[in-house]
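Dear colleague,

Please find the structure below, followed by my notes on what turned up in it.

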Amino acid sequence: MCIKKLLSSDVFKPCNFPEHTYIPRESKFGIEYEQRLNLALNVSGTLISIIGASKMGKTVLCEKVIPFERQVNISGADFSNGEDFWSVIAQKIGLPFEGKTTESKQISNTEQHSKTESFILTKDMVIKHFASNNKVLILDDFHYASNEAQKSISSHLKDAIRRDFRAIIISLPHRSDAPIRNNADLAGRLSLIDIESWKINELEEIATKGFKQLNVKISTQVAQKIAIESLTSPQLMQYICLSICTALNVDNGETKEITSNILEKAYKLTTSNLDYADVVNLISKGPLSKGKSRTMYSTKLGEQMDLYKLVVESLSKNPPLMGLTIDDIKERVSDLIQNDMMKPDRQKIKNTVTQMQKIITDKDDIFKVLEWKDDMIYITDPLFLFYLRWGR
Ligand SMILES: Nc1ncnc2c1ncn2[C@@H]1O[C@H](COP(=O)(O)OP(=O)(O)O)[C@@H](O)[C@H]1O
Ligand SMILES: [Mg+2]
């Protein structure tokens, strides 16, 4: 039998299910996530809530554990305009959710009424279909559903899960878990799975496993360097590995080993498909300064910068960190400034960061790259930090 040679694009899959580079991970209880999800699916009468930051592997986990034919996939976005929960599902699984039926009624011995009644397929039929076909509802990106919809779906589900309806709700932390996790009616009927961000050694495994299948060697040191640069994101790891393959033309079979001299080129190549220029522009400009000119600082980069630019610049410095304290930022900013007498104090840095946070709050999701919490500034989107480091 002829076995098809694996190409780098078969092995590294940043945007869909990574069949050849799937890495099972242990959750905080020392039990693998796959096992926990399996266990949760086996407990009937519970609703499963999977929560984790963007691109940490929530969808991929469900795809790994639940056989394709059992999955019914729906997105929170399907409920952004008050759509009826059960009708959307019915449509998805191909049940007629509305229709006409003719019912004959014997009124008396002589009289018979033919009555056409429209019927609405009740949730009962959907629930029955799920139970008898062993289906699992995967309600992904629940945060896209409107607040109203989230509340109403929670109460629909509360009732359905008692009747063996299997459902998983996937959402981002903080913003969207409240209607499910804080719903008193669901207390004791929830299986909670929190997806943690990826550790360096877990990310390394993606590279090790993938390059092995492409018959290319990679040392632990090089795999570790890429893992650090992947900023807790398995997706970024997959992207970078794929870029390395492109840069070295791995698919032609000449490359035998990945060495660190190609990395920088691969990082830059990876950013060519990322577009955060508008985001960087917005936060480096800061709020409108109403005619008052800002203090400009001479930097070691040879450029004059105001504090907004300096803070953005500081985020991109080594070591790459997804969470920084004000003091971390202050230190990094000071390192960038030429004149020791000019260095801004902690309060100034704090004000700048607060303003930055304000600017992005009412913008589209792509702009929400920073979160200011517990005196720390968190970068919520690894791709954004990666772009800051390599894409400008
Ligand atoms: N367990 C895993 N092993 C290897 N790569 C993974 C794994 N989980 C996620 N990834 C990579 O990250 C990408 C994003 O995962 P995804 O499940 O879509 O994230 P989420 O649903 O949390 O936003 C996947 O397409 C894949 O490239
Ligand atoms: Mg997803």
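**What was found**

In the hairpin formed by β13 and β14, where 2 residues stand between the strands, Asp374 takes a positive phi near 45°. Here helices (H or I, at least four residues) and strands (E, at least two) are DSSP runs, numbered from the N terminus, and two strands count as paired if DSSP finds at least two bridges between them.

Before going on, please keep in mind that this is a predicted model, in which local features need pLDDT of at least 70 and side-chain atom pairs count only at pLDDT 80 or more, while totals for chains, interfaces and linings use all residues. Residues are numbered from 1 along each chain as its sequence is written, chains are lettered from A and ligands numbered from 1 in the order in which they are written, and side-chain values use heavy atoms, with hydrogens and water left out.

Elsewhere, 5 strands form an open sheet in the order β2-β5-β6-β1-β7, with parallel pairing. Its edge strands, each pairing on one side only, are β2 (71–75) and β7 (190–195). Between β2 and β5 (residues 136–140) there are 5 bridges, and Val72 has Leu137 in β5 as its bridge partner.

Now to the ligand. Ligand 1 is surrounded by 21 residues, and the closest are Lys13, Lys55, Lys58, Thr59 and Val60; a residue belongs to this shell if one of its heavy atoms lies within 4 Å of the ligand. The shell divides into 11 nonpolar, 7 polar and 3 charged residues, where Ala, Val, Leu, Ile, Met, Phe, Trp, Tyr, Cys and Pro count as nonpolar, Asp, Glu, Lys and Arg as charged, and the others, Gly among them, as polar.

Oxygen atoms of ligand 1 lie 2.8 Å from a polar side-chain atom of Thr59 and 3.0 Å from a backbone N or O atom of Gly57. Domain 1 (8–16 + 199–271) and domain 2 (33–93 + 125–195) both give residues to the shell, so ligand 1 lies between them; the domain bounds come from an automatic or database domain assignment.

Best wishes

Technical notes
A polar contact is a pair of N or O atoms within 3.5 Å; within protein, one must be able to donate a hydrogen and the other to accept it, and residues adjacent in sequence count only if both atoms are side-chain atoms.
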